[in-house]
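Take a moment with the structure below. The paragraphs after it go from the whole chain to a single element.

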Amino acid sequence: MPKYRYKKKLQAYIAQHGKPDALTEYFILNDYSEEDIKQGIAPFIEAWEEAVYWIEREDGSEHDWNLWQRSELHEVLRYATDEQIKPHRERIEKADQKFISITREAEDSYGYLIDNNETIDRHVHWWLFRVPKHG
């Protein structure tokens, strides 16, 4: 449940700009800055690409942090429109494919890395069921 002050921030945004798209509303209700809102999903993609880079370099010491980056990207993609995703789709798919190539499937999940209100699904949250091949 968003905090009262974030709801007030959303009301102020609506009064000034009109009803926002779902992604902007998500950002406002989760206390992202104006700059974060302007950047949209790009920083989340960059964070995921960087996480994959470190996994590939065999630094699995922060595997849950790396998976959290993909979980954060998953969360914002749930609110983004196709138009907001389209310019980034190739980068997302490339990072996901790279991640799959350098990891192996695991029985157990890192399910604690997603929103508590979301049911863990092996097909939807596939990255949570993977571990580095080298670790």
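The protein chain holds 7 helices and 2 strands. Both are DSSP runs numbered from the N terminus: helices are H or I with at least four residues, strands are E with at least two. Along the sequence the pattern reads α-α-α-α-α-α-α-β-β. This is a predicted model, in which local features need pLDDT of at least 70, side-chain atom pairs count only at pLDDT 80 or more, and totals for chains, interfaces and linings use all residues. Residues are numbered from 1 along each chain as its sequence is written, and side-chain values use heavy atoms, with hydrogens and water left out.

Now the overall dimensions. Along the principal axes, the C-alpha atoms fill a box of roughly 50 × 30 × 25 Å. Of the 135 residues in the protein chain, 39% are buried. Buried means under 20% relative accessible area, with a 1.4 Å probe and protein chains only.

How many of the 17 residues of helix 5 are buried? The count is 12, so helix 5 is largely enclosed by the rest of the structure. Among them are Leu67, Leu73, Val76 and Leu77, and also Arg70, Glu72 and Glu75. What covers the buried residues of helix 5 includes helix 2 (22–29), helix 4 (42–56), helix 6 (82–85), helix 7 (89–101) and strand 2 (130–132).

Definitions and conventions:
Buried < 20%, exposed > 50% of the residue type's maximum accessible area, 1.4 Å probe, protein only. Contact = heavy atoms within 4.5 Å.
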